[in-house]
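Here is a friendly briefing to read alongside your model. Have the sequence and the 3D view open as you go.

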Amino acid sequence: MTASDIDRLWVGAHFKPVFDPVLHPALALLFSAIGLVYAGKFTVTRGDLGREATFAVISSLALGLAVVMGAQACGLYL
């Protein structure tokens with residue numbers, strides 16, 4: 001097997017992002033704002049374990065999506 005054969009095996013279709021790349025910075029800001037609001041709600045809520053867990057999960061998911069969208073806004077497709 002030659003180098004050109006290996007190159008032909010590894011060549012695939014170009015990656016296309018789910019959302020338009022113009023929207024990535026706006027989505028990163030939106031998800032980070034949602035995550036910070038729910039993180040604030042988590043810190044204020046006292047005594048109710050169910051609500052604290054709900055706020056923590058929503059905040060974690062939103063902040064995680066904000067990081068992914070921020071990376072995509074910079075051109076890093078994870």
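Phe55 is buried, with a relative accessible area of 11%; buried means under 20% relative accessible area, exposed over 50%, and partly exposed in between (1.4 Å probe, protein chains only). Please keep in mind that this is a predicted model, in which local features need pLDDT of at least 70, side-chain atom pairs count only at pLDDT 80 or more, and totals for chains, interfaces and linings use all residues. Residues are numbered from 1 along each chain as its sequence is written, and side-chain values use heavy atoms, with hydrogens and water left out.

**The aromatic pair**

- The structure holds one aromatic pair; rings of Phe, Tyr and Trp (its six-membered ring) pair if their centres lie within 6.5 Å, and planes under 30 degrees apart count as stacked, over 60 as edge-to-face and the rest as tilted.
- The ring centres of Tyr38 and Phe55 are 5.7 Å apart and the planes stand at 50°, so this pair is tilted.
- Tyr38 sits in helix H2 and Phe55 in helix H3, so the pair ties together parts that are 17 residues apart in sequence.
- Tyr38 counts as partly exposed, at 24% relative accessibility.

**Helix H2**

- Helices (H or I, at least four residues) are DSSP runs, numbered from the N terminus.
- H2 has 21 residues and spans 30 Å from its first C-alpha to its last, close to the 30 Å expected at 1.5 Å a residue; the expected span is 1.5 Å times one less than the number of residues.
- The buried residues of H2 are His24, Leu27, Ala28, Phe31 and Gly35.
- Seen down the axis of H2, these buried residues fall within an arc of 100°, so they line one face of the helix; the arc is that of the directions from the helix axis to the C-beta atoms.
- Leu29, Leu36 and Val44 are exposed on the face of H2 turned away from its buried side.
- H3 is included in what covers the buried residues of H2, where contact means heavy atoms within 4.5 Å.

**Helix H3**

- H3 has 25 residues and reaches 36 Å from its first C-alpha to its last, close to the 36 Å expected at 1.5 Å a residue.
- Among the buried residues of H3 are Glu52, Ser59 and Ala62.
- Helix H2 (24–44) is included in what covers the buried residues of H3.

**The nonpolar core**

- The largest nonpolar core has five residues in all: Leu27, Ala28, Phe31, Ala66 and Met69. Such a core is a set of buried Ala, Val, Leu, Ile, Met, Phe, Trp, Tyr and Cys residues joined through side-chain atoms within 4.5 Å.
- H2 and H3 each supply at least two residues of this core, and H2 gives the most, with three residues.
- Leu27 touches Phe19 and Met69, not counting residues up to four places away in sequence.

- His24 lies in helix H2 and is buried, with a relative accessible area of 0%.
- Gln72 is in helix H3 (residues 49–73) and is buried too, with a relative accessible area of 13%.
- The side chains of His24 and Gln72 make a polar contact (3.4 Å); a polar contact is a pair of N or O atoms within 3.5 Å, and within protein one must be able to donate a hydrogen and the other to accept it, with residues adjacent in sequence counting only if both atoms are side-chain atoms.
- The backbone oxygen of Phe19 lies 3.4 Å from a polar atom of the His24 side chain.
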